[in-house]
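Dear colleague,

Here is the structure you were waiting for. My notes on the ligand site and the salt bridges follow it.

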Amino acid sequence: MRVLILGGDGYLGWPTAMYFSKRGDEVAVVDNFAKRRWELEDGIEPLVRIPSLHERVRLWKRVSGKQIDLYAGDICNARFIYKVMEKFRPEAIVHYGEQPSAPYSMESLGTAVYTQTNNVVGTLNLLFAMRSFTPEAHLVKLGTMGEYGTPNIDIEEGWITINHNGRTDTVLYPKKPGSFYHLSKVHDSANIEFACRIWKTAATDLNQGVVYGIDTDETRLHPDLLTSFHYDHVFGTVLNRFLVQAATGRKLTVYGKGGQTRGFLNIRDTIQCVALACDNPARAGEFRVFNQFTEQFSVMDIADKVVATAARAGLKVDIDHLPNPRVELEEHYYNAKHSKLVDLGLQPNLLTDSMLDQMFATVRANTGRVQDEVIMPTIKWSQENPRK
Ligand code: NAD
Ligand code: USQ
C-alpha cells in the first residue's frame with residue numbers, strides 16, 4: 001500500500017510511519033515542524049531530545065534498509081499538499097497533522113484561532129486534494145473521543161438512530177466538546193462526512209482516546225528512532241505526566257476531584273488501530289467512525305495506578321488535588337461503545353501492572369532533563385491567560 005502520513009514528525013506519526021515501512025508498505029511523511037515551534041514558544045522540550053525528522057528518516061534507512069519519503073511543508077498551504085498528492089498518489093492517507101493540545105487552544109484568542117484554522121483548513125485542503133488526485137484513496141483521520149464530551153447517555157460509535165415525533169433517522173452523534181481544540185475535530189468530522197456524501201470520498205474518523213506510552217517495537221530498534229514524549233502541562237497527556245511526576249518525586253497533579261473519566265489506549269494500539277483501518281478501508285462515500293480506545297479510567301484511577309507502580313519500585317508518591325484549570329465535569333456518567341475495532345481484530349495492550357512497571361522504568365531512566373517550570377498547569381479555561 002502507498003501510505004501518506006501527515007504529521008510524521010509527531011508523537012504518533014513517526015512510530016506509525018516506521019510500522020508501515022517495516023511491514024513493506026511504501027511510506028511518505030509530511031510535516032511542517034510546527035510542533036517544534038510551539039515547544040520553543042513555551043520553553044518546552046520532550047523528556048528525551050529527539051533528532052530531526054530528516055535524521056530519523058536517514059537512520060531508519062540504515063537500520064531497516066527501507067526508504068521513507070519526506071515532504072516538508074504545511075498542509076494549510078493548498079499548493080503544497082496538492083503537489084504531494086499529485087506526486088505520491090497515496091492509497092491511504094493517515095492524517096495526524098494537527099495542533100493536538102486542548103490547553104494550547106485555550107490559552108488565548110490567538111492560539112484558539114490558530115488551532116481551528118490549522119486543523120480545519122488543513123483537512124479541507126486535503127479533502128480537495130484527494131478529490132483532484134486520488135478520489136479512490138481512503139482517508140484515515142485522527143479525531144478524538146473528546147468530540148462527544150461527557151453526555152449523560154451512552155456514547156455510540158459516531159452515529160445514533162433517533163426516534164423523534166414518530167419518525168426515525170440515523171444522524172451523527174451529538175457533540176459537546178470541552179475545548180476549542182476538541183471543537184476543531186468536530187468541525188473536521190462534519191466537513192469529512194460532507195465530502196463523503198457529496199464526492200463519495202471514503203473516510204474513517206478515528207475518535208481516539210487519551211494515548212499513553214513511550215515506545216513501540218520500531219522505536220526500540222535504535223535509541224535515536226525514539227518518538228517525542230511530553231510530560232509538560234501543554235502537550236503531556238495525563239498518564240505520561242503522572243509517570244514523570246512520580247519518577248521525579250513530585251506529587252501527582254490531579255485536576256479537581258479526579259472523577260473525570262476518559263477512554264485510554266497504548267501508543268502501540270494507536271498503530272494497530274490505524275493499520276486495521278487502512279487494511280479494511282471504508283467504502284466510497286462511507287463516513288465510518290470508530291471509537292479508538294481500549295479501556296476507560298477516571299483520572300483518580302490513573303493516579304492510584306501510578307502511586308502503586310511507584311510503590312512497587314520502592315518510591316512513595318502523593319496525590320495533589322489542584323484547583324481544576326479546566327471547565328469540565330469532575331463526576332459524571334461515562335459509557336462509550338468501542339467494539340468496531342475489536343471486531344476487526346484489535347488485540348489490546350492493556351494497562352497492566354507489568355505494562356506500568358515497564359513504562360515507569362523507562363521514564364525513570366530518562367529524568368535527567370525534567371524541567372520544573374513546565375509541570376504545573378498555568379492555562380485556565382475560564383479567564384484570559386497572560387501571554388508569555
Ligand atoms: P503531535 O503534535 O506530536 O503530532 C502532530 C504533528 O503534526 C506535529 O509533528 C506537527 O508539527 C504536525 N503538524 C501540525 N499541523 C501541521 C500542518 N498544518 N502541516 C504539516 N504538519 C502539521 O501530536 P500527536 O500526539 O502525535 O497527535 C497526532 C494526532 O492524533 C493529532 O491530530 C491529535 O489531535 C490526535 N490525537 C492524539 C491523542 C494523544 O493522546 N496523543 C489522542 C487522540 C487524538
Ligand atoms: N488531567 C489531570 N491532571 C493532569 C493532566 C490532565 O487531572 O496533570 C485531566 C484533565 O483535566 C482531563 C483528563 O485528565 O480531565 C485528560 O487530560 P489530558 O491532558 O490527558 O487529555 P486531553 O486534554 O483530553 O487531550 C488528549 C490529547 C488530545 C486528544 C485527547 C483524547 O492531548 O490530542 O484528542 O487526549 S480525549 O481526551 O479522548 O478527547
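Ligand site

Four elements each give at least two residues to the shell around ligand 1: helix H2 (34-42), strand E5 (138-144), helix H7 (180-199) and strand E9 (210-212). Please keep in mind that this is a predicted model. H2 contributes the most to the shell, with 3 residues. By type, the shell divides into 12 nonpolar, 10 polar and 6 charged residues. Of the 28 residues around ligand 1, the nearest are Asp31, Asp74, Asn118, Tyr181 and Lys185.

Tyr181 has a polar side-chain atom 2.6 Å from an oxygen atom of ligand 1. Ala34 places a backbone N or O atom 3.2 Å from an oxygen atom of the ligand, and an N or O atom in the Asn32 side chain is 3.1 Å from a ligand nitrogen atom. Ligand 1 taken alone exposes 820 Å², of which the protein buries 96%.

Salt bridges

The whole structure holds 25 salt bridges. One of them joins the side chains of Arg369 and Glu45, at 2.6 Å from N to O. Arg369 lies in the segment after helix H12 (353-364) and Glu45 in the loop between H2 and helix H3 (53-64), so this pair ties together parts 324 residues apart in sequence. Arg369 is partly exposed, at 29% relative accessible area, and Glu45 is partly exposed at 29%.

Arg268 pairs with Asp215, their closest N and O atoms being 3.8 Å apart. Here Arg268 is partly exposed, at 22%, whereas Asp215 is buried, at 15%.

Asp318 and Lys316 form another salt bridge, at 2.7 Å. Shared partners also join Glu98, Lys141, Lys185 and Asp188 into one salt-bridge network.

Regards

Methods:
Residues are numbered from 1 along each chain as its sequence is written. Chains are lettered from A and ligands numbered from 1 in the order in which they are written. This is a predicted model: local features need pLDDT of at least 70, side-chain atom pairs count only at pLDDT 80 or more; totals for chains, interfaces and linings use all residues. Side-chain values use heavy atoms; hydrogens and water are left out. A residue is near a molecule or strand if one of its heavy atoms lies within 4 Å of it. A polar contact is a pair of N or O atoms within 3.5 Å; within protein, one must be able to donate a hydrogen and the other to accept it, and residues adjacent in sequence count only if both atoms are side-chain atoms. Accessible areas come from the Shrake-Rupley method with a 1.4 Å probe; for residues, only the protein chains shown count as cover. Ala, Val, Leu, Ile, Met, Phe, Trp, Tyr, Cys and Pro count as nonpolar, Asp, Glu, Lys and Arg as charged, and the others, Gly among them, as polar. A salt bridge is a side-chain nitrogen of Lys or Arg within 4 Å of a carboxyl oxygen of Asp or Glu. Buried means under 20% relative accessible area, exposed over 50%, partly exposed in between (1.4 Å probe, protein chains only).
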